[in-house]
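Trainee: Hi, could you walk me through this one? I'd like to start with the sheet.

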Amino acid sequence: MHVRARRPRGPRKAAQWVPQERSVFMKVANGQVVEMEYTLRDDAGEVIDTSEGSDPLVYLHGESQIVPGLEKAITGLAVGESLKVTVSPEEGYGTLDPSQVMKVDRKQLPRDAEPEVGMQLAGMGPDGHPILLTIMAVEGSTVTLDANHPLAGKNLHFEVKIKSIREATADELEHGHVHDPNDPHHGHHH
Ligand code: ZN
């Protein structure tokens, strides 16, 4: 008995693949809301900050909400992609500025806490923005304060993974920040 190969009738249809989320085609770009997991380590490999054990970071790409070196490095990544990148102080929290170190009399500090090396104080910068001051030294009645960002002058070793990407809404673009989808109008102050 002969078995004849049967030719398929008509042209073969290509299998259709319809992704459930359009975001699989998206790549990180300005004006998008990006959700990512991250871990930040210093030169010694010590973890400085991580999203592990809590919610991923959600931010609006292109609005300088993350340090410039990291924002640049993750531009073009797709959902599910990971990246390891080292960011220099210049593209991170800046270099150490010696003019940001000052000596004050301890009488000028809040009375409620005894000044100790390493203690951080909330202060107000010359432009009215809140700044964080770190006590560097306590000598007699003289306290040395450092207004540099605690991560200034440090290389930042990031490990990130993109969890999701979506287009920002018109409101989010206008405000320059992400809105909570469960509370689009009242979740924050302007
Ligand atoms: Zn807003």
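Mentor: Happy to. In this predicted model, 4 strands form an open sheet, ordered β5-β8-β7-β6, with antiparallel pairing.

Trainee: Which strands stand at the edges?

Mentor: Those are β5 and β6 (120-124). Each has a single partner strand, so one side of each is left without a neighbour in the sheet.

Trainee: And by how many degrees are neighbouring strands turned against each other?

Mentor: On average by 40 degrees, ignoring direction.

Trainee: How many bridges join β5 to β8?

Mentor: There are 5 bridges between β5 and β8. Strand β7 (residues 130-139) also pairs with β8 over 5 bridges, in the antiparallel sense.

Trainee: Let's zoom in on β8. Where does Val-143 sit?

Mentor: Val-143 lies in strand β8, which covers residues 142-146.

Trainee: Is Val-143 buried or exposed?

Mentor: Buried, because Val-143 has 24 C-beta neighbours inside 10 Å, and the cut-off for that label is 20 or more.

Trainee: What does Val-143 touch, leaving out residues up to four places away in sequence?

Mentor: Val-104, Arg-106, Leu-109, Pro-115, Ile-135 and Val-138. There is also a C-alpha separation worth noting: Val-143 and Asp-105 are 38 residues apart along the chain, yet their C-alpha atoms are separated by 6.0 Å.

Trainee: New topic: the largest nonpolar core. Which residues touch the most other members?

Mentor: That core has 19 residues, and the ones touching the most other members are Val-28, Val-33, Val-34, Leu-70, Ile-74, Phe-158 and Ile-162. At least two core residues come from each of β1 (32-41), α1 (68-74) and β9 (156-167). Strand β9 gives the most, with 5 residues.

Trainee: What about the contacts of Val-33?

Mentor: Not counting residues up to four places away in sequence, Val-33 touches Val-58, Leu-60, Arg-166, Ala-168, Glu-172 and Val-178.

Trainee: Last one, the whole chain. How many helices and strands are there?

Mentor: The chain has 2 helices and 9 strands, running β-β-β-α-β-β-β-β-β-β-α from the N terminus. Buried residues account for 16% of its 190 residues. Among contacts between residues at least 6 apart in sequence, 61% join residues at least 24 apart.

Technical notes:
Residues are numbered from 1 along each chain as its sequence is written. This is a predicted model: local features need pLDDT of at least 70, side-chain atom pairs count only at pLDDT 80 or more; totals for chains, interfaces and linings use all residues. A nonpolar core is a set of buried Ala, Val, Leu, Ile, Met, Phe, Trp, Tyr and Cys residues joined through C-beta atoms within 7 Å. A residue is buried if 20 or more other C-beta atoms lie within 10 Å of its own, exposed if 12 or fewer, and partly exposed in between; C-beta atoms are placed from the backbone. Two residues are in contact if their C-beta atoms, placed from the backbone, lie within 7 Å. Two strands pair if DSSP finds at least two bridges between them. Axes are lines fitted to C-alpha atoms, for helices over the stretch in contact, and angles run from 0 to 180 degrees between N-to-C directions.
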